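Thanks for asking me to look this one over with you.

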Amino acid sequence: MTRSSRPVLLIALCAGVVLLLLPLTVGRPGMPPVLKADEPAYYLAALSLVEDGDLVCDEGDIRRLVDAYPYLPIENLILMSRDGWQTAYFGKPYLISLLAAPLVGLFEARGMVFLNMLLLLAMIWMGARYLARFNPGPTAAIFAGCFFLLSPAFVYVFWLQPEILNMFGVAVAYYLVFHRPEPAERAPRAGRLARFLCSPWLRWSLSAAGLAVAVYNKPMLAALGLPLVFRLLRERGWSAAAAWVLAAAAAMGVQAGGSLALTGQPSAYLGAARAGIKVDDPAGVEETFELMAELNRRTVAQKGQEFASYDWLARV
């Protein structure tokens, strides 16, 4: 580190600490002070994992929602069921809720914002590291910080949804393929752990896992894997490209296995009836489930299939 770069590093560290602590100073994220869009399912899933250790939505979960956000109604709590609404699960991919659960247990909804901010700062760090290969360190850090903080990404930090996690997964995937360690980092004098972390095979595997996280939430992001596979194929050959694809498949399998363990199906988008419910009275949840069960029976009788499938991708 040069003497001229030390002030920039100090400023970057201070700014990072301020941004990281900012979410913890907010009483409850969101304006107006209710959960919006798909936030209810993600936030309640995290609370359920903390309090109950499962992803089942019952009256107790609804009461937690009302306690946290008493300014009802909540318009769109997305749930799913595999047994005609005798049992309801949260109908969104579980990974962001699982990752945020410890922080939600400590800081409630602010914990999810804290996680989002942490992921955003990690993306800024990756951008600065990559740009520093071609530019002076201060220029790289300023550009990377401005790129993310002045983009819509900063707004999504305050949404209790997986958009920032998806961005992070894509950023990790590209960073680990396009950014190569400096020669000094791979020198024989480096420790075994350092050499292992700089191993191209490990980096490619983590790259594939990063994109798999984003793809599990948004399947259309799989198209972003094509440039990575092409680059590995062109520079490293078939073995590297095949290793990346296999690692991505393994990561998808791990996520699907976690969903199977928690909900009995590999994805919230497959094999179950899904619906959004309006929460305006926690005492009326059972009646709401009964209405959803009747709606499910009518839909299956008319169409001969459940609500949830990936055929929506063809209609996008």
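Is S259 buried or exposed?

1. S259 is buried, because its relative accessibility is 4%, where buried means under 20% relative accessible area, exposed over 50% and partly exposed in between (1.4 Å probe, protein chains only). Before going on, please keep in mind that this is a predicted model, in which local features need pLDDT of at least 70 and side-chain atom pairs count only at pLDDT 80 or more, while totals for chains, interfaces and linings use all residues. Residues are numbered from 1 along each chain as its sequence is written, and side-chain values use heavy atoms, with hydrogens and water left out.

2. You will find S259 in helix α12 (residues 238–263); helices (H or I, at least four residues) and strands (E, at least two) are DSSP runs, numbered from the N terminus. Its side chain reaches the backbone oxygen of Q265 at 2.7 Å. Setting aside residues up to four places away in sequence, S259 touches Y94, Y216, G264, Q265, P266 and S267, a contact being heavy atoms within 4.5 Å.

3. On a 1 Å grid over the protein atoms alone, a cavity is a set of points where a 1.4 Å probe fits but cannot get out, and a pocket is an open set with protein on both sides within 12 Å along at least five of seven lines; lining residues have an atom within 4 Å of a point. Grid points are joined across faces, edges and corners, and a volume is the space filled by probe spheres set on the points. The lining of this second largest cavity divides into seven nonpolar, three polar and one charged residue.

4. Next, have a look at the second largest pocket, of about 290 Å³. It is lined by 13 residues, and those closest to its centre are M123, M126, G127, Y130 and F148. α5 (109–131), α6 (137–149) and α8 (163–178) each supply at least two lining residues, with α5 giving the most, five. Twelve residues of this lining are nonpolar, one is polar and none is charged.

5. Now for the sheet: three strands form an open sheet in the order β2-β1-β3, with antiparallel pairing. β2 (89–90) and β3 (273–279) stand at the edges with a single partner strand each, so one side of each has no neighbour in the sheet. β1 and β3 pair over six bridges, where pairing requires that DSSP finds at least two bridges between two strands. L77 stands opposite I277 in β3.

6. S81 belongs to strand β1 (residues 74–81) and is buried, with a relative accessible area of 2%. A polar atom of the S81 side chain lies 2.8 Å from the backbone oxygen of T87. Not counting residues up to four places away in sequence, S81 touches Q86, T87, A272 and A273.

7. Finally, A37 sits in the loop between α1 (6–21) and α2 (39–51). It counts as partly exposed because its relative accessibility is 40%. Leaving aside neighbours within four places in sequence, A37 is in contact with N76, W159 and Q161. The C-alpha atoms of A37 and Q161 are separated by 9.0 Å, although these residues are 124 residues apart along the chain.

Key. Ala, Val, Leu, Ile, Met, Phe, Trp, Tyr, Cys and Pro count as nonpolar, Asp, Glu, Lys and Arg as charged, and the others, Gly among them, as polar. A polar contact is a pair of N or O atoms within 3.5 Å; within protein, one must be able to donate a hydrogen and the other to accept it, and residues adjacent in sequence count only if both atoms are side-chain atoms.
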